[in-house]
Amino acid sequence: MSAGLAAPRAGGTHPVTAWAQALALFAAAVVMYHRTGAGLWETWTTNDNYSHGPLVPLTSAALVWLRWDKLRKLEVKPVGHGLWLVALGCLMQVFGTRADLFALQGWSLLPLLFGLSLTFFGRAVTHMLAFPLGYLGFMLTFPPVVMNSLSYALKELAVQASVAGAKLAGAHVTRSGMSLFLPTGELRVENPCSGLRSLLALVATGTLFAYFQSGGLWRRWAVMLAAVPIALAGNIARLTMLVIVADRTSVVAATGKFHDASGYVMYAVSLGLLLAMRRLLTPKEAKR
């Protein structure tokens, strides 16, 4: 008997039935999460730190599509324990709504989706869907207190390192908090210059690269973790250049078009370094 979608499997559920049931419950979940989805969209379009958000579900969908031929051949054998994860997701959603904790509402999606996958498709399908489903975490938000603390820590690191680097390059700069004083004026380092936006986006990209990385597990971890120092170094280099430009020309020149262009250029450089790291960690036999 064929192992395709049209064939029922002994001891399991007919795949077409499982997909129909899952889609029906998915539609119910859409109704339940429509406010959360609207909140996520507003965050993605208004908060630069999450501007990569819309690309994440598209990427996850593409990953599922790439695996579709293998997915449709797997045995569909529902696991009742998946309902516990569904219940956990629903409880997180209800508690997050009642307590006005938007981040918790978003993160409740993950146990819900994993639970639905186990409940309707079983362990084999869920195992193959694990990365596309888990990758959706990169589209979700964190509590403001976490983001503010992380942003401040990154900004402090970037300011200290960039001031030291600019002085080594001959710039005349003194610091008071997040204000940098130069002969041409004051340069105020605001939250967008913390590098948090590029860090989140690059870690999401590095994780995707790691998924496709050939070789042992350590190579995948190395590619993913390399995104962190690369993003931090890129932001420090960018801020250092801004200080030098402000010292040599003017603060107005440094915070104008150069400020915006340097962000895109430095992210492109960071992405290139991450690709180079992946290439370096690829086994020789896989390069052939």
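Q: What makes α9 roughly perpendicular to α10?
A: The axes of helix α9 (residues 144–168) and α10 come within 10 Å and cross at roughly 105°. Axes here are lines fitted to C-alpha atoms, for helices over the stretch in contact, with angles running from 0 to 180 degrees between N-to-C directions. Under 35 degrees is roughly parallel, over 145 roughly antiparallel, 65 to 115 roughly perpendicular, and the rest oblique. That puts this pair down as roughly perpendicular.

Q: What is all this computed from?
A: It's a predicted model, so local features need pLDDT of at least 70 and side-chain atom pairs 80 or more, while totals for chains, interfaces and linings use all residues. Residues are numbered from 1 along each chain as its sequence is written, and side-chain values use heavy atoms, leaving out hydrogens and water.

Q: Which residues meet between α9 and α10?
A: Met 147, Leu 150, Ser 151 and Leu 154 in α9 meet Leu 196, Leu 199 and Leu 200 in α10, where contact means heavy atoms within 4.5 Å. By class, that's six nonpolar, one polar and no charged residues. Ala, Val, Leu, Ile, Met, Phe, Trp, Tyr, Cys and Pro count as nonpolar, Asp, Glu, Lys and Arg as charged, and the others, Gly among them, as polar.

Q: Why is Thr 205 called buried?
A: Thr 205, which lies in helix α10 (residues 196–212), has a relative accessible area of 17%. Buried means under 20%, exposed over 50%, partly exposed in between (1.4 Å probe, protein chains only), so Thr 205 is buried. Leaving aside neighbours within four places in sequence, Thr 205 is in contact with Tyr 135, Tyr 267, Leu 271 and Leu 274.

Q: How far is the backbone oxygen of Ala 201 from a polar atom of the Thr 205 side chain?
A: The two lie 2.9 Å apart.

Q: How do you know how α5 and α7 run relative to each other?
A: The axes of α5 (residues 82–98) and α7 (residues 109–121) come within 7 Å and cross at roughly 155°. Against the angle classes above, the two are therefore roughly antiparallel. By class, the contact of α5 with α7 has eleven nonpolar, four polar and no charged residues.

Q: What counts towards the helix and strand totals?
A: Helices (H or I, at least four residues) and strands (E, at least two) are DSSP runs, numbered from the N terminus. On that basis, the protein has 14 helices and three strands. Of its 288 residues, 41% count as buried.

Note on methods
A polar contact is a pair of N or O atoms within 3.5 Å; within protein, one must be able to donate a hydrogen and the other to accept it, and residues adjacent in sequence count only if both atoms are side-chain atoms.
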